[in-house]
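Please read them beside the coordinates.

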4 protein chains.
Amino acid sequence: MIRVAIAGASGYTGFELIRILMQHPEARLTTITSRAQLGQRLDSFYPALKGHCGLVFQEPDPAILTRDADVVFTALPHQAAMDTVPALLDRGVKVVDLSADYRFRDPAVYEAWYQPHKTPELSARAVYGLPEAYRDEIRRAPLVGNPGCYPTSIILGAAPLLRNALIRPETLIADSKSGVSGAGRGATLAVHFCEVNEGFKAYKVGDHRHTPEIEQELGRLAGKPVTINFTPHLVPMSRGILSTVYATLEDGATPERVDEAFESFYGDAPFVRLCEKGAMPSTLQVRGSNYCDICWRVDPRTGRVIVVSVIDNLTRGASGQAVCNMNLMCGLAETAGLLAPPWQP
Amino acid sequence: MIRVAIAGASGYTGFELIRILMQHPEARLTTITSRAQLGQRLDSFYPALKGHCGLVFQEPDPAILTRDADVVFTALPHQAAMDTVPALLDRGVKVVDLSADYRFRDPAVYEAWYQPHKTPELSARAVYGLPEAYRDEIRRAPLVGNPGCYPTSIILGAAPLLRNALIRPETLIADSKSGVSGAGRGATLAVHFCEVNEGFKAYKVGDHRHTPEIEQELGRLAGKPVTINFTPHLVPMSRGILSTVYATLEDGATPERVDEAFESFYGDAPFVRLCEKGAMPSTLQVRGSNYCDICWRVDPRTGRVIVVSVIDNLTRGASGQAVCNMNLMCGLAETAGLLAPPWQP
Amino acid sequence: MIRVAIAGASGYTGFELIRILMQHPEARLTTITSRAQLGQRLDSFYPALKGHCGLVFQEPDPAILTRDADVVFTALPHQAAMDTVPALLDRGVKVVDLSADYRFRDPAVYEAWYQPHKTPELSARAVYGLPEAYRDEIRRAPLVGNPGCYPTSIILGAAPLLRNALIRPETLIADSKSGVSGAGRGATLAVHFCEVNEGFKAYKVGDHRHTPEIEQELGRLAGKPVTINFTPHLVPMSRGILSTVYATLEDGATPERVDEAFESFYGDAPFVRLCEKGAMPSTLQVRGSNYCDICWRVDPRTGRVIVVSVIDNLTRGASGQAVCNMNLMCGLAETAGLLAPPWQP
Amino acid sequence: MIRVAIAGASGYTGFELIRILMQHPEARLTTITSRAQLGQRLDSFYPALKGHCGLVFQEPDPAILTRDADVVFTALPHQAAMDTVPALLDRGVKVVDLSADYRFRDPAVYEAWYQPHKTPELSARAVYGLPEAYRDEIRRAPLVGNPGCYPTSIILGAAPLLRNALIRPETLIADSKSGVSGAGRGATLAVHFCEVNEGFKAYKVGDHRHTPEIEQELGRLAGKPVTINFTPHLVPMSRGILSTVYATLEDGATPERVDEAFESFYGDAPFVRLCEKGAMPSTLQVRGSNYCDICWRVDPRTGRVIVVSVIDNLTRGASGQAVCNMNLMCGLAETAGLLAPPWQP
């Protein structure tokens with residue numbers, strides 16, 4: 001059994017990690033930390049877990065986190081992660097970091113969009129935790145930067161097209177829509193029920209921090225720099241992200257070649273499902289699961305391809321993908337603990 | 001491995017049965033039937049299940065249902081169930097019926113609220129599938145009438161008080177609130193999103209068919225006939241039932257005795273959780289689980305006790321409880337396949 | 001034109017007052033105050049109002065509030081209201097107070113449930129602003145204590161029964177359900193979208209502060225003290241309250257006498273609508289309006305009557321009723337500015 | 001007073017017309033028809049309207065519709081409209097048609113996307129009822145084809161850019177999101193609460209029938225044919241459309257010129273509001289109103305402009321705009337009856 005600790009376990013991604021790990025046949029949660037909930041029992045803070053777990057939130061101290069752990073998930077805010085991760089690695093555990101701090105190859109990009117980086121050389125060595133793109137590197141990595149929720153949905157939607165040079169990268173536009181849990185568990189007016197209900201809106205148009213992360217990965221797939229428009233929107237629902245990706249097809253990129261690109265790129269991927277012809281995916285059909293469901297249409301009128309991808313932002317967009325990375329890093333089956341069916345309705 | 005068939009598998013309770021059975025370590029789903037979806041693949045009808053199940057909906061014929069099954073769940077409309085169940089039993093399988101057809105000891109009560117009963121003697125022999133009340137009988141039963149969703153929440157809330165004669169039965173009032181999935185998957189104006197959203201309402205006040213079922217069981221707990229008011233309401237949410245139960249305390253029924261009654265009645269029950277002092281349960285904390293979470297308050301001003309119980313109407317109120325009954329009928333652990341944590345958020 | 005000022009205009013009830021007053025043919029909003037939003041333009045704070053109003057939030061100072069006003073609405077927290085209202089009255093304006101500070105005849109009751117009262121003699125002289133019960137007193141009142149949202153729905157549901165001695169007051173139980181706007185615009189975890197969505201719950205069972213207010217008014221209708229159980233619940237929707245009221249009928253209280261009681265009590269009331277026989281009201285059908293829609297059922301099995309009433313908590317439960325009181329206090333038609341149809345869907 | 005009849009008054013757009021007309025100072029609703037609800041009282045069908053209207057649904061017969069009307073709104077399905085409108089015009093009334101039947105200048109376009117047109121010459125003479133584009137033509141028109149909901153939001157968002165040649169038309173992409181009421185009041189599985197709740201999805205990607213309508217109008221603004229990608233999505237909310245429009249800027253199209261284009265194009269338009277710098281509009285802020293609120297961002301990284309526009313799909317996207325057209329056709333102020341503030345929350 002792999003022993004697991006979670007730093008920053010009191011938020012939604014923390015709960016989702018706990019939920020998944022409790023069902024994992026080869027992992028055992030031993031330690032949870034939270035500065036805000038220090039000393040509180042988990043099942044008192046989350047009554048949903050009564051009878052499932054007797055753990056108590058402890059101080060987020062590297063010594064505590066590594067005392068009884070082979071892997072540590074850091075579900076901390078940006079910046080707090082890079083204050084903690086190096087000390088964890090020094091103590092010999094593997095780390096899956098759910099913040100943005102270890103997602104960027106080039107620290108200058110991170111610093112342009114976030115803040116100064118304290119461990120840029122470590123960041124350059126971390127592996128971007130998208131299994132469909134970096135499965136082998138993840139298997140050997142001591143530190144994985146777990147992808148952002150929006151980037152996961154967009155990169156998976158565009159990857160087969162870029163890898164096969166079927167689209168013109170400079171025409172890429174990603175219009176994404178997320179449920180409210182993506183904003184975290186903090187109490188702000190923006191997530192007040194009455195402001196969200198019947199209140200669909202866009203936000204951070206043109207300057208959301210997931211933009212450079214998406215561009216980094218799309219650029220690697222394309223083999224050249226990619227600049228995109230990414231527009232996030234807030235949907236009155238708890239979970240789920242749907243991304244609609246637009247791009248102009250290259251000459252010769254027929255519908256058949258587009259189909260083949262998706263089918264071959266995801267032929268053996270257990271967590272990407274290509275929709276039946278004619279079907280459009282709903283966020284509902286992946287809720288609570290690690291799946292990314294994808295469909296696409298070639299529009300002969302405009303010469304564009306439109307890709308629609310759906311994920312659960314807390315599962316595939318955060319904690320499920322993090323557990324998948326742990327599986328790979330620890331030599332387990334990629335799907336271990338992650339094959340419960342989605343929740344309907 | 002226990003082989004399982006589901007008759008009427010295309011609705012929400014059908015899906016919930018499938019979802020649970022797919023994670024069950026000792027059961028294997030072999031057969032699904034649905035007249036409406038005959039010949040369709042399950043994973044085409046429910047894209048959420050793609051990659052999980054290659055079954056095809058078959059004709060709801062007893063020969064088909066029992067060909068490769070030890071247990072059959074009948075998730076059919078009232079009346080259709082009693083047309084099917086006897087033939088299933090004749091072929092030697094065990095049956096958990098999710099309709100109302102086999103919930104009533106006294107066929108006259110059924111006939112007064114539903115319609116003529118075709119197999120009244122069989123109904124009288126069926127066991128009411130509430131494990132906390134009839135665990136031993138269920139273990140020996142070939143046919144279990146699975147409780148209604150509202151009755152489950154109300155009976156579990158009132159049982160300790162009636163069993164210990166702490167309340168005056170004639171003062172019982174149950175005010176219940178259900179998510180929309182309780183109305184089934186049929187497309188009607190009443191479940192149109194725009195009619196439900198921002199549209200909380202009561203319905204069938206004074207004449208909902210769950211009333212006699214609740215009264216039957218409360219009467220058995222009290223040892224005498226019980227007549228109640230039961231008022232169901234529709235909540236703009238997908239899942240969950242909360243019941244608020246009111247009753248006047250008998251003389252001498254102190255808060256301490258009330259506490260003791262709940263604690264002793266549910267001391268060993270794996271699926272009833274008594275809330276911490278001061279906490280009030282939300283339907284959210286049991287979503288997707290087989291739990292019933294309960295709290296109570298004694299109001300010294302009025303001499304009443306108020307009990308609040310929450311369940312997931314599709315899990316504890318239908319399919320989870322049905323699987324729990326299957327577990328008992330087949331000699332498995334009561335909790336087999338039913339201990340995944342609730343879904344948050 | 002009546003000149004109107006609003007103290008504490010930045011919350012949901014403040015917005016609702018503004019919305020209604022903007023459509024009022026005989027009132028003109030001149031002044032809005034808010035300590036939190038001091039100096040901000042209303043239409044910048046609420047972009048919905050762009051083009052409708054150029055007012056700026058001012059300091060909540062009595063001199064400012066009365067400078068250009070005949071009537072002041074105080075939409076302030078409890079306690080803050082009684083710090084402000086006397087100074088407003090001294091300056092000769094009429095006041096409709098939306099807090100609880102002037103709802104209680106007996107200051108001792110207020111003090112038992114809230115805090116010490118600074119102006120108990122003024123409180124005793126204030127009129128409880130429920131037009132159906134106190135229309136004439138309101139017309140002559142300089143100070144009206146505007147009813148709470150839950151009390152409005154419950155008192156209107158029970159009044160005809162108590163006034164006509166058709167029920168036993170000690171058997172009264174009120175089970176109420178409210179949309180989230182009733183909790184105000186403050187950002188707390190309890191109103192986080194993800195906690196509310198799919199999370200129906202009861203709260204403050206047995207000790208909600210609206211209890212003594214309800215009991216005061218039911219007692220006056222009954223002509224003797226009344227003690228009730230009142231249980232509030234939170235519904236995942238923005239607006240609306242539905243109250244389900246239960247009571248045991250007195251001997252001789254036939255269904256016909258119950259019908260007559262409702263019809264005669266509300267014969268001339270413009271804002272109470274009795275539902276058609278067989279219909280059950282939804283909160284949707286009164287949304288955005290000052291209506292209270294009521295239906296009732298006599299249950300011969302239990303000898304109880306069940307009344308269901310629906311209001312919009314922000315309109316009839318707060319700001320619409322406050323404007324109605326202003327109308328009466330100023331000699332206008334009770335319905336002035338309040339007859340726009342409810343919003344559907 | 002203008003006398004008004006509504007053909008097909010039982011759906012959501014019908015109700016919205018009724019709601020608006022009841023508050024209109026210069027119009028009087030005299031006649032409503034509905035085949036499905038024939039003979040039923042409006043206030044029985046819509047209890048929200050009790051006390052507001054004693055009308056009864058009549059047969060949708062041109063003689064009945066024109067007996068007491070100066071203007072008829074036809075809120076009928078496509079095809080049914082063209083069966084009715086000519087007979088109405090022959091009887092001398094003005095007609096605002098809310099179907100697609102009279103939105104297309106070129107019948108061939110209509111026939112390519114819908115079905116054969118029975119009165120193509122009439123269609124060619126009808127005026128497209130977007131006041132910001134055709135105010136003068138609408139004033140003189142006997143027949144107005146009221147715009148579709150999606151087209152309204154998209155055309156208003158793109159118009160200033162095309163009129164001023166600031167964008168390359170062939171790069172236009174419109175990603176739109178609509179509340180459920182846009183699907184109408186019919187009971188289908190697609191609008192079942194449990195399928196919509198937590199189930200965000202795209203639909204009719206590449207082939208929604210609003211596409212040629214959008215292209216027709218964008219082409220007229222651009223002065224040349226325009227082909228676009230338009231992707232509609234379904235949002236779990238009742239009302240509201242948000243469209244996110246992307247286009248590549250022409251050389252020389254500076255942010256300042258973009259700002260000026262919006263400000264000059266909408267300088268005198270009462271129902272288009274340009275958001276404050278830095279603000280992003282929510283569908284909530286226009287709910288129940290005839291406003292279209294618009295913001296835009298120029299992204300120097302990609303050379304694109306992103307426009308976000310929000311409307312209420314039932315008001316500005318259908319019935320409010322229809323009443324606005326009636327106002328213009330009848331010589332009233334454009335804003336008559338349409339200036340009630342939006343609903344919050």
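At what angle do helix 8 and helix 12 of chain A pack, and how far apart are their axes?

1. Helix 8 (residues 149-163) and helix 12 (residues 315-329) of chain A pack at an angle of about 100°, and their axes are 8 Å apart. Axes here are lines fitted to C-alpha atoms, for helices over the stretch in contact, and angles run from 0 to 180 degrees between N-to-C directions. Helix 8 of chain A is therefore roughly perpendicular to helix 12 of chain A; angles of 65 to 115 degrees count as roughly perpendicular, under 35 as roughly parallel, over 145 as roughly antiparallel, and the rest as oblique. Helix 8 of chain A contributes A:Cys149, A:Thr152 and A:Ser153 to the contact, and helix 12 of chain A contributes A:Arg316, A:Gly317, A:Ala318 and A:Gln321. By class, the residues of this contact are two nonpolar, four polar and one charged.

2. On provenance and numbering: this is a predicted model, in which local features need pLDDT of at least 70 and side-chain atom pairs count only at pLDDT 80 or more, while totals for chains, interfaces and linings use all residues. Residues are numbered from 1 along each chain as its sequence is written, and chains are lettered from A and ligands numbered from 1 in the order in which they are written.

3. Terms used throughout: two residues are in contact if their C-beta atoms, placed from the backbone, lie within 7 Å. Helices (H or I, at least four residues) and strands (E, at least two) are DSSP runs, numbered from the N terminus. Nonpolar covers Ala, Val, Leu, Ile, Met, Phe, Trp, Tyr, Cys and Pro; charged covers Asp, Glu, Lys and Arg; the others, Gly among them, are polar.

4. Chain D has the corresponding helix pair: the axes of helix 8 (residues 149-163) and helix 12 (residues 315-329) of chain D come within 8 Å and cross at roughly 100°. These two helices of chain D are therefore roughly perpendicular to each other. Their contact is made by D:Cys149, D:Thr152 and D:Ser153 on helix 8 and by D:Arg316, D:Gly317, D:Ala318 and D:Gln321 on helix 12.

5. Nine residues of domain 1 and seven residues of domain 2 of chain A make the contact. On the domain 1 side, six are nonpolar, one is polar and two are charged.

6. In chain D, seven strands form an open sheet of mixed pairing, in the order 9-10-8-11-14-13-12; two strands pair if DSSP finds at least two bridges between them. Strand 9 (201-202) and strand 12 (272-274) of chain D are at the edges with a single partner strand each, so one side of each has no neighbour in the sheet. Strand 8 (residues 173-178) and strand 10 (residues 229-234) of chain D run parallel and are joined by six bridges, with D:Ile173 opposite D:Asn229. Helix 11 (residues 255-265) of chain D packs on the sheet, where it touches strand 12, strand 13 (292-299) and strand 14 (304-311), and makes about 170° with the direction of strand 13.

7. The sheet of chain C is also open and mixed, with seven strands in the order 9-10-8-11-14-13-12. Strand 8 and strand 11 of chain C run antiparallel and are joined by six bridges; C:Ser176 has C:Ser243 of strand 11 as its bridge partner. Helix 8 (residues 149-163) of chain C lies across strands including strand 8, strand 10 and strand 11, and runs at about 35° to strand 11 of chain C.

8. Between chains, 40 residues of chain A are in contact with 39 residues of chain D. The chain A side divides into 17 nonpolar, 12 polar and 11 charged residues.

9. Chain C is laid on chain B by a turn of 180° and a shift of 0.0 Å along the axis, with an RMSD of 0.0 Å. C:Pro236 comes closest to the rotation axis among the residues of chain C, at 3.2 Å (C-alpha).

Key
Least-squares fit on C-alpha atoms with pLDDT ≥ 70 in both.
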